[in-house]
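The following note sets out points for a colleague who wishes to examine the model in detail. Please read each point alongside the coordinates.

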Amino acid sequence: MRVLTAEVPGGYELTIEADDARVLRLIATAHQVEAPARQFTKLVEDDEQAGG
């Protein structure tokens, strides 16, 4: 999987390429990007604390 980010007017473009070559592109505001980023960070921290 590959994730690319780029700044665009009004926010960011996220491009996610899956291993099977499917591509997802989305445009999001800074606020829309921050919320899932915090959730991913929490998941990783919780996993590390659990010994994963």
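**Notes on the fold and its contacts**

1. Threonine 15 stands opposite arginine 25 in β3. Threonine 15 itself lies in strand β2; strands here are DSSP runs of E of at least two residues, helices are runs of H or I of at least four residues, and both are numbered from the N terminus. The model is a predicted one, in which local features need pLDDT of at least 70 and side-chain atom pairs count only at pLDDT 80 or more, whereas totals for chains, interfaces and linings use all residues. Residues are numbered from 1 along each chain as its sequence is written, and side-chain values use heavy atoms, with hydrogens and water left out.

2. Leaving aside neighbours within four places in sequence, threonine 15 is in contact (heavy atoms within 4.5 Å) with Arg2, Val3, Leu4, Val23, Leu24 and Arg25. With a relative accessible area of 7%, threonine 15 is buried. For this term and those used below, buried means under 20% relative accessible area, exposed means over 50%, and partly exposed lies in between, with a 1.4 Å probe and protein chains only.

3. The sheet is open and has 3 strands in the order β1-β2-β3, with antiparallel pairing; two strands are taken to pair if DSSP finds at least two bridges between them. Because β1 (2–8) and β3 (23–28) stand at the edges with a single partner strand each, one side of each is left without a neighbour in the sheet. Neighbouring strands are turned by 15° against each other on average, direction ignored. The antiparallel pairing of β1 with β2 (residues 11–17) extends over 7 bridges, and 6 bridges join β2 to β3.

4. Helix α1 (residues 30–49) packs on the sheet and touches β2 and β3. The direction of α1 makes about 120° with that of β3; axes are lines fitted to C-alpha atoms, for helices over the stretch in contact, and angles run from 0 to 180 degrees between N-to-C directions. The length of the helix agrees with expectation: at 1.5 Å a residue, the 20 residues of α1 should span 28 Å, and its end C-alpha atoms are 28 Å apart. The expected span is 1.5 Å times one less than the number of residues. After α1 comes glycine 51, which has a positive phi near 95°.

5. The hairpin of β2 and β3 has 5 residues between its strands. Where does alanine 21 lie? Alanine 21 is found in the loop between β2 and β3, and it has a positive phi of about 80° although it is not a glycine. Most residues other than glycine have a negative phi. Alanine 21 is exposed, at a relative accessible area of 62%.

6. How many salt bridges does the count give? The count comes to 3 salt bridges, the rule being a side-chain nitrogen of Lys or Arg within 4 Å of a carboxyl oxygen of Asp or Glu. In one of them, arginine 2 meets glutamate 17 at 2.9 Å, N to O. This pair links distant parts of the chain, with arginine 2 in strand β1 and glutamate 17 in strand β2, 15 residues apart. Arginine 2 is partly exposed at 45% relative accessibility, and glutamate 17 is partly exposed at 26%.

7. Arginine 22 forms a salt bridge with aspartate 20, with the closest N and O atoms 2.9 Å apart. Arginine 22 is exposed at 59%, whereas aspartate 20 is partly exposed at 48%.

8. Lysine 42 and aspartate 46 also meet in a salt bridge, at 3.0 Å from N to O. Because these two residues are 4 residues apart in helix α1, lysine 42 and aspartate 46 are separated by about one helical turn. Lysine 42 is partly exposed at 48%, as is aspartate 46 at 35%.

9. The loop between β3 and α1 contains threonine 29, which is partly exposed with a relative accessible area of 34%. Not counting residues up to four places away in sequence, threonine 29 touches Gly10, Gly11 and Tyr12. The C-alpha atoms of threonine 29 and glycine 10 are separated by 6.2 Å, although the two residues are 19 residues apart along the chain.
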